[in-house]
Amino acid sequence: MRNIVLIGFMGTGKSTVGRRLAQALAWNFVDTDAEIGEVTDLSVSEIFRRYGETRFRSEEKIVVARLAQEEALVIATGGGTVLNSSNWGILAEHGVIVSLHASLDVILNRIGHKNDRPLLRSSHEEIERLFLERQPFYEKADFTIDTTFRTIDEVVGEILAHL
Ligand code: S3P
């Protein structure tokens, strides 16, 4: 059974939807950021702060290479995971890639003040630039679900209907 890989910008609901989707399928769920946290014993923001993004990306690559080989796994990736072509290749080879989309306004509203994401600690212009720059990568998915006006259960239902 191929994995289901959730991709998309920060705050599109990859982890929340992924967990619920895994429950619905009775599959295991993993979140690449959480796995990186387990392996390094550091939070994502701590890795960025102490060692920088380059170190985070190399830990991410190792985790992706390991998880992609498993079967019947729902994998929630980080927003930047699939920008790396080798991550994309290995995830696509072993899984169906599902992109979760939301408008930037909704994303920023959802994330609100409890924002501990290093790449969102910038100006609105910078976040918007990142958001737009990444859309072509997310659009390469097998299919995309717009989560903007949908509940978690509706998004899960849409994904199941596409499989
Ligand atoms: C990142 C997204 C984060 C996390 C890291 C970098 C990105 O994950 O991997 O802060 O480059 O977009 P979420 O998408 O789960 O917030």
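**Conventions.** I am working with a predicted model, in which local features need pLDDT of at least 70 and side-chain atom pairs count only at pLDDT 80 or more, while totals for chains, interfaces and linings use all residues. Residues are numbered from 1 along each chain as its sequence is written.

**Sheet.** Strands here are DSSP runs of E with at least two residues, helices are runs of H or I with at least four, and both are numbered from the N terminus; two strands pair if DSSP finds at least two bridges between them.

Contact means that the C-beta atoms of two residues, placed from the backbone, lie within 7 Å.

**Core.** In the largest nonpolar core I find 32 residues, and those with the most contacts inside it are Val5, Leu6, Ile7, Leu21, Ile75 and Val98. Such a core is a set of buried Ala, Val, Leu, Ile, Met, Phe, Trp, Tyr and Cys residues joined through C-beta atoms within 7 Å; a residue is buried if 20 or more other C-beta atoms lie within 10 Å of its own, exposed if 12 or fewer, and partly exposed in between. Setting aside residues up to four places away in sequence, I list among the contacts of Leu6 the residues Val17, Ile75, Ala76, Val98 and Leu100.

**Helix H8.** Which residues of helix H8 (residues 152-162) are buried? I find Val155, Val156 and Ile159 buried, and they lie on the same side of H8 because they cover an arc of only 100° around the axis, the arc being that of the directions from the helix axis to the C-beta atoms. Asp153, Glu154, Leu160 and Ala161 are exposed on the other side of H8. The cover over the buried residues of H8 includes H1, S4 and S5.

**Annotated positions.** For "binding site", the unreviewed UniProt entry lists Gly11, Thr12, Gly13, Lys14, Ser15, Thr16, Arg117 and Arg150; positions follow the numbering used here, feature names are shortened, and annotations may be inferred rather than shown by experiment. These residues are spread over 140 residues of sequence and also in space, up to 23.5 Å between C-alpha atoms.

Gly13 sits in the loop between S1 and H1 and counts as buried because it has 22 C-beta neighbours inside 10 Å. Leaving aside neighbours within four places in sequence, I find Gly13 in contact with Leu100, Thr147, Ile152 and Val155.

Ser15 belongs to helix H1 (residues 14-25) and is partly exposed, with 18 other C-beta atoms within 10 Å. Not counting residues up to four places away in sequence, Ser15 touches Asp31 and Ala76. Thr16 is also found in helix H1, and with 17 other C-beta atoms within 10 Å Thr16 is partly exposed.

Arg117 lies in the loop between helix H6 (104-111) and helix H7 (124-138) and is partly exposed, with 17 other C-beta atoms within 10 Å. Arg117 and Ser45 are 72 residues apart in sequence, yet 6.5 Å apart in space from C-alpha to C-alpha.

**Positive phi.** I noted Ala26, a residue other than glycine, with a positive phi near 60°; Ala26 is in the loop between H1 and S2 and counts as exposed, with 7 C-beta neighbours inside 10 Å. Asp41, not a glycine, has a positive phi of about 60°, and its place is the loop between H2 and helix H3 (44-51).
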